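Here's a quick briefing to read with the model open on your screen. Have a look at the chain first, then work through the notes topic by topic.

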Amino acid sequence: MKPSPQPLSVLTLRSVFIEQLSILYNAKVSLTSRLPQLADQATFKNLKLALEEDLEDTKRQMISLKSIFRLLQESWLTNNCLAMNAVIDEAHKHVTYKQDNHFESDMSILFYMGVIENLQVGASQLLNLIALKLAYQPYAQLVLECLDISRDNVSLFNCVAEEYLKN
């Protein structure tokens, strides 16, 4: 018979919160450097506009995440985010590889942006749960704002894909 899990300590929850928040923040750092390049490579006008909007949203989300770190009196862990960076790097390389075929390149951008935004949705949901468990209400609200923006961007990229496929 398995022993029942021990209750989570506030220190453990806080540590996990900071680590996961760092992963999300570092992903946004990577995105801000790559989104302009993806927007330049996009040939479908509405995709280009969606990527530019996503860049502005990502910058706003970074401000919210920095606020959380400041409120916690913590710094983000810069060595975290290998998996998310791998997805972002793969997206950039794959799109560069497909540069001569505009439809495939644009579809690759849409595919990877959907993956990236959905990863951010999942991460933000978990961070929100941890913040609520810790009774970090102001942090939970800031994470919830990031979550809402990521959800909106998932819908935006889906709408762009639908519109592109109608042409």
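Predicted model: local features only at pLDDT ≥ 70, side-chain atom pairs only at ≥ 80, totals over all residues.

Residues are numbered from 1 along each chain as its sequence is written, and side-chain values use heavy atoms, with hydrogens and water left out. In short, the chain has five helices and zero strands, and a search for disulfides comes back with zero.

**Overall fold**

- Going along the sequence, you'll read the pattern α-α-α-α-α. Helices (H or I, at least four residues) and strands (E, at least two) are DSSP runs, numbered from the N terminus.
- The chain has 167 residues, and 45% of them count as buried. Buried means under 20% relative accessible area, exposed means over 50%, and partly exposed is in between (1.4 Å probe, protein chains only).
- Take the contacts between residues at least 6 apart in sequence: 81% of these join residues at least 24 apart. A contact here means heavy atoms within 4.5 Å.

**How α1 packs**

- Helix α1 covers residues 10–41, and it packs against α4 at an angle of about 160°, with the axes 10 Å apart. Axes are lines fitted to C-alpha atoms, for helices over the stretch in contact, and angles run from 0 to 180 degrees between N-to-C directions.
- α1 and α4 are therefore roughly antiparallel. The cut-offs are under 35 degrees for roughly parallel, over 145 for roughly antiparallel and 65 to 115 for roughly perpendicular, with the rest oblique.
- The crossing of α1 past α4 is left-handed. That label applies if the near helix is turned anticlockwise from the far one by less than a right angle, and right-handed is the label if clockwise.
- On the α1 side, the residues meeting α4 include F17, Q20, L21 and L24, while the α4 side includes I116, A123, L127 and A131.
- The residues of this contact of α1 with α4 split into 15 nonpolar, four polar and three charged. Ala, Val, Leu, Ile, Met, Phe, Trp, Tyr, Cys and Pro count as nonpolar, Asp, Glu, Lys and Arg as charged, and the others, Gly among them, as polar.
- α1 also packs against helix α2 (residues 45–72), at about 155° and with the axes 9 Å apart, so the two are roughly antiparallel.
- α1 passes α2 in a left-handed crossing, and the residues of that contact come to 18 nonpolar, four polar and eight charged.

**How α4 packs against α5**

- Helix α5 takes in residues 137–166 and packs with α4 at about 160°, their axes 8 Å apart. That makes α4 and α5 roughly antiparallel.
- Here too you get a left-handed crossing of α4 and α5, with 20 nonpolar, nine polar and three charged residues in the contact.

**Residues to click on**

- L127 belongs to helix α4 (residues 102–133) and is buried, at 1% relative accessible area.
- Which residues does L127 touch, leaving aside its neighbours within four places in sequence? They are F17, Q20, L21, L24 and V143.
- L127 and D106 are 21 residues apart in sequence, and their C-alpha atoms are 31 Å apart.
- A140 sits in helix α5 and counts as buried, at 3% relative accessibility.
- With neighbours within four places in sequence set aside, A140 contacts N128, A131 and L132. A140 and A50 lie 90 residues apart in sequence and 27 Å apart, C-alpha to C-alpha.
- V10 is in helix α1 and counts as exposed, at 57% relative accessibility.
- Between V10 and F111 there are 38 Å in space, C-alpha to C-alpha, and the two are 101 residues apart in sequence.

**Cysteines**

- A disulfide is a covalent bond between the sulfur atoms of two cysteines.
- Is C146 buried or exposed? C146 is buried, at 1% relative accessibility.
- C159 is partly exposed, at 48% relative accessibility.

Note on methods:
Disulfide = S-S within 2.5 Å.
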